[in-house]
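Dear colleague,

My notes on it come directly after.

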Amino acid sequence: MDFYALPQALYTYKGIKQILSDGDNCILHKKLDHDIIDAESLIVSHSIVFIVNGKIRINTYDGDEIIAGNGEMLFMPRDSYTISDYLRNGNAVEVYLLFFDHEIAMKFLSSYKSKNLAINTICKLHTSDNIILYLENIHRM
């Protein structure tokens, strides 16, 4: 099993296209024509994963399993150790990976103080047509 520190390890990974990047802040597009099984990772920056096609199964250090598929989005906190599977569903696995530093995450979450959000848990996020349009347009740039 290979071990990856993300996002740095992804910059040279086959099937990854850098859309925007500045150190650990980046937007990446990942398209794979094969499944990835048991990818061991340490996520060093907060990230959001948007699944265009395929299925992602994530097992956490605490033994939790999170599964997301087409059109779903996950928040993955920094310093998360995960073992992930990226699985095709007939076509290539395709995801957008958005990595951002802690200051950006805290600034965003500060507007939601009353909602008691946790920044240390992998969780599914609400998606919308605007998010899909944003990612499609930024990919075209």
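The following paragraphs describe the overall fold and then the salt bridges.

Please note that this is a predicted model. The chain contains 11 strands and 2 helices, arranged along the sequence as β-β-β-β-β-β-β-β-β-β-α-β-α. Of its 141 residues, 40% are buried. Among contacts with a separation of 6 or more, 71% join residues 24 or more positions apart. The accessible surface is about 8,200 Å², and carbon and sulfur atoms contribute 51% of that area.

The whole structure holds 3 salt bridges.

One of them joins Asp35 and Arg88, whose closest N and O atoms are 3.3 Å apart. Asp35 sits in the loop between strands S3 (25-32) and S4 (36-43), while Arg88 sits in the loop between strands S9 (80-87) and S10 (93-100), and 53 residues separate the two. Asp35 is partly exposed at 33% relative accessible area, and Arg88 is partly exposed at 40%.

Another pairs Asp85 with Arg57 at 3.0 Å, N to O. Here strand S9 provides Asp85 and strand S6 (residues 55-60) provides Arg57, 28 residues apart. Asp85 is buried, with a relative accessible area of 6%, whereas Arg57 counts as partly exposed at 23%.

In the salt bridge between Lys124 and Glu72, the closest N and O atoms lie 3.2 Å apart. Lys124 belongs to strand S11 (residues 123-125) and Glu72 to the loop between strands S7 (65-69) and S8 (73-76), so this pair ties together parts 52 residues apart in sequence. Lys124 is partly exposed at 44% relative accessibility, as is Glu72 at 29%.

With kind regards

Conventions. Residues are numbered from 1 along each chain as its sequence is written. This is a predicted model: local features need pLDDT of at least 70, side-chain atom pairs count only at pLDDT 80 or more; totals for chains, interfaces and linings use all residues. Side-chain values use heavy atoms; hydrogens and water are left out. Helices (H or I, at least four residues) and strands (E, at least two) are DSSP runs, numbered from the N terminus. Buried means under 20% relative accessible area, exposed over 50%, partly exposed in between (1.4 Å probe, protein chains only). Contact means heavy atoms within 4.5 Å. Accessible areas come from the Shrake-Rupley method with a 1.4 Å probe; for residues, only the protein chains shown count as cover. A salt bridge is a side-chain nitrogen of Lys or Arg within 4 Å of a carboxyl oxygen of Asp or Glu.
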